[in-house]
Amino acid sequence: MSSDPDKLVAKADKLTKLTLTRWSADWRNATLNYEQAANAYRVAKKYEKAKDAFEKASKGQEMLTSPWDAAKHMESAAALAKELGNWNDVADLYRRASELYVECGRAQPASDALGKAARAVEDHLPDVAVQLYTDACSLLEEDDKDQMAFDLYRALTAVHIKLEKYTDAAAALLRLGLAADKCNASNSQFKAYLSAIIVYLYANDVKAAEKCYNDCSQIPAFLGSDQGRCGSRLISAYSEGNVEEIKRVAQSSTITHLDHAIIKLGRKLPTGEVTAVKAGTEEGEGLDEDDLT
Amino acid sequence: MSVIDLITRVDSICRKFDKYDVDKQAELNVSGDDAFARLYAVVEAELDSTIEKAESVASAKNRAAVVAINAEIRRTKARLLDEIPKLQRLAMKKVRGLSREELEARSDLVSALKDRIASVPDGTTTAAQPSSNGGASASTGIKFNSNYDGSFDSDYFQNTEETDRFRQEYEMRKMKQSAQDEGLDVIAEGLDTLKDMAHDMNEELERQVPLVDEIDEKVDKASSDLRNTNVRLKDTVNQLRSSRNFCIDIILLCLVLGIAAYLYNVLK
């Protein structure tokens, strides 16, 4: 067997092309050749050719009805595409690999593949990364493996915060809370809720933060927890317009236990005007008295 | 047949019979020229799905699910309300093949849509239960309720030696108190960090438990398979060996008979 990868690829191509003399493609030998060629290319650092060889090897494994090996080859091809910097290719190849893993019935490696893809492209194609993270999370949730989804949700939140889409970040955190609730991981759940409140406050949307806090307080355990108390102190500090109190709460240790991105947001609180909310609450009380009389 | 096979087969069947799907065909037939109709259809479809989600909130038992769904509904409402001005502008534009009444009806449609979007319930009316218990106990710092503050009025009592000593001790303790307070604060923060780490460790271990169980099962299955295979192999090898002995026996027997027959012929 010649070790020259070009010759191997040419031989494998010949094996798969159908001509008058060859009526059915010999996928087994062809796949073997493709794999050897791909490894040789990778060692020689010819990434473009190695990626192509891996893709062909993966197709060969598919023909041999072995989706697991096909998926593994796709992943190698995608890793090489990452070295080359073809971000669209990376996303497509990882998606294909994940589909093959789903065919094998293994959701965990499928979502791992999507996670790797999202991490690779998040700097260059953040919207694609968002889509990949969401798909990875839904794969895990369908398979009842919510625990693994936490990390993905946290990474998704970080991407949203980088893109400054604060409502999306808060929604992702609330979904984290939901997943945590399903597996009774109360600490993660409450941290997620507190992070969502902080994100809303950073976006200067005090009403939404209050609504969020009210929603989360429906869960009795949250009220009595550290995170719940910290959240209520923040909200009351905002409604009183007390900047000192806000800064003090933001420095407290409860916030320090959250994610880095959230801590950075917390340290920058308060953003914008805080005193306006006080006037709003006074008006509300006036109306109530009118209603009673 | 595994679930994956079922899913792929159902997919291919659906694709085959797509052309009989009335709803899908109606969707495809929406006129491509009319941007207003397209956008209106899109917004209306999203509004319908949001209303469905809102209804599912009422039946959702899980509170955390309620929270998450409400957040999604609010986000979608904000997005749809943003699209409404665009829709209104498109409604104003004259499109060929459309009468004046229909044009006016369009703006009415848009405002009706806006009302419908605003009326989707998103759980904002429920107020928080008073967090009185939590709030009251979260007092910062340890406050000593001292009314004296060192403002001793010497008219009220005579200074004996003992009271002098007491007063000195009191003032020393007050100085040390702030140092104590700081020390206690540091300890409290350390404990907080420890508690958080312990919680995280707990959750991580709970995450690992089902994984380890899976590994356990798979290893058990693998080892029992191996034992089975070993036993069968041993049986087969034994059989082979004994059958070979059997063959040797037969050959030797034939040889002996052959020699006997030869001797018999010679001696006859």
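User: How many salt bridges are counted between chain B and chain A?
Analyst: This is a predicted model, in which local features need pLDDT of at least 70, side-chain atom pairs count only at pLDDT 80 or more, and totals for chains, interfaces and linings use all residues. Side-chain values use heavy atoms, with hydrogens and water left out, while residues are numbered from 1 along each chain as its sequence is written and chains are lettered from A in the order in which they are written. With a salt bridge taken as a side-chain nitrogen of Lys or Arg within 4 Å of a carboxyl oxygen of Asp or Glu, the count between chain B and chain A is six.

User: Which residue of chain A forms a salt bridge with Asp196(B)?
Analyst: The closest N and O atoms of this salt bridge are 3.2 Å apart. The partner of Asp196(B) is Lys191(A).

User: How many residues of chain A are in contact with chain B?
Analyst: Contact means heavy atoms within 4.5 Å. On the chain B side 34 residues take part, and on the chain A side the number is 40.

User: Why does the aromatic pair of Tyr193(A) and Phe222(A) tie together parts that are apart in sequence, and how many residues apart are they?
Analyst: The two rings are edge-to-face (centres within 6.5 Å, planes over 60 degrees apart), at 5.7 Å centre to centre with 90° between the planes. Because Tyr193(A) lies in helix H10 (residues 186–202) of chain A and Phe222(A) in helix H12 (residues 220–224) of chain A, helices being DSSP runs (H or I) of at least four residues, the parts tied together are apart in sequence by 29 residues.

Technical notes. Rings of Phe, Tyr and Trp (its six-membered ring) pair if their centres lie within 6.5 Å; planes under 30 degrees apart count as stacked, over 60 as edge-to-face and the rest as tilted. Helices (H or I, at least four residues) and strands (E, at least two) are DSSP runs, numbered from the N terminus.
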